[in-house]
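Subject: Structure handover

Hello,

Here is the structure I promised to pass on.

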Amino acid sequence: EVFARAKAAGVARMITISTFVSRYDCYREIAEAYDNVWFTIGTHPHQAHEEPEASVEDLVRLSAHPRCIGIGEAGLDYHYDKAPRDTAARVFRTHIAAARETGLPLVIHARDADEDVATILREEMGKGHFKALLHCFTASRMLGETGLELGLYVSFSGVVTFKNSEELRAIAKDVPLDRILVETDAPFLAPVPYRGKRNEPAYVAATAAVLAQVKGISADDMAAQTTQNALSLFSKMPPLAS
């Protein structure tokens, strides 16, 4: 039913995001079962201390699966502070190294840790380029601008539709069109008018519609642009059939 609603909303493809490397088989099986689903592999900062740390070699090996198209999500979260900060930072840098080695994009989680995330990104980019996106962006303009300067993409969730998100919409307005992505962060953060419900892929159309208004373009143009951006960033995915 979820897939049917996504198709009806015009969502052609979906990426399921890893939070535990130890659940690799689960993500793989979902992607193998549905021809419009791909997956990433990585350890969320909340879980950075809960499972054995995956090495760069582990992540490279697991990401070789043909339907694995990204590394992460990994990063820093000082809002909940579930993992020791030094552990989360070390795991974050390991994921960056894997992204650099594989050429796959890194999905970055950053919450209330803007200065440290920006510092790590600058330091690591100095060691060699890697592709990445700032996932579910709700951070400061400083972090957004840092990411853009380093060539990263910025992904917006349903938060951008919330009434009290004026500052976030102002940041979104200034993100170049060729660097914007939309996402659900399902099952969380359903956009208006679905706020409070369990989020699902079909609802991403509502997020894209608000971003289109912010950017002063049509919803169809925003859909086309974010689709192209996703294919450019997650370049391991094949092109859409014409």
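First, the ground rules. This is a predicted model, in which local features need pLDDT of at least 70 and side-chain atom pairs count only at pLDDT 80 or more, while totals for chains, interfaces and linings use all residues. Residues are numbered from 1 along each chain as its sequence is written, and side-chain values use heavy atoms, with hydrogens and water left out.

Cysteines

Cysteine 136 is buried, at a relative accessible area of 11%. The cut-offs: buried is under 20% relative accessible area, exposed is over 50%, and partly exposed lies in between, with a 1.4 Å probe and protein chains only. A disulfide here is a pair of cysteine sulfur atoms within 2.5 Å. The count by that rule is zero. Cysteine 68 is in no disulfide, and its nearest cysteine sulfur belongs to cysteine 26, 13 Å away. Cysteine 68 is also buried, with 0% relative accessibility.

Salt bridges

How many salt bridges does a search of the whole structure find? The search gives 15. The criterion is a side-chain nitrogen of Lys or Arg within 4 Å of a carboxyl oxygen of Asp or Glu.

- Glutamate 32 is partly exposed, at 44% relative accessible area.
- Arginine 61 and aspartate 58: the closest N and O atoms of this salt bridge are 3.5 Å apart. The pair lies in helix H3 (residues 56-62), with a spacing of three residues, about one turn of the helix. Arginine 61 is exposed, at 54%. Aspartate 58 is partly exposed, at 27%.
- Glutamate 200 and arginine 198: the closest N and O atoms of this salt bridge are 4.0 Å apart. Arginine 198 is exposed, with a relative accessible area of 54%. Glutamate 200, by contrast, is buried, at 5% relative accessibility.

On the helix labels: helices (H or I, at least four residues) and strands (E, at least two) are DSSP runs, numbered from the N terminus.

Best wishes
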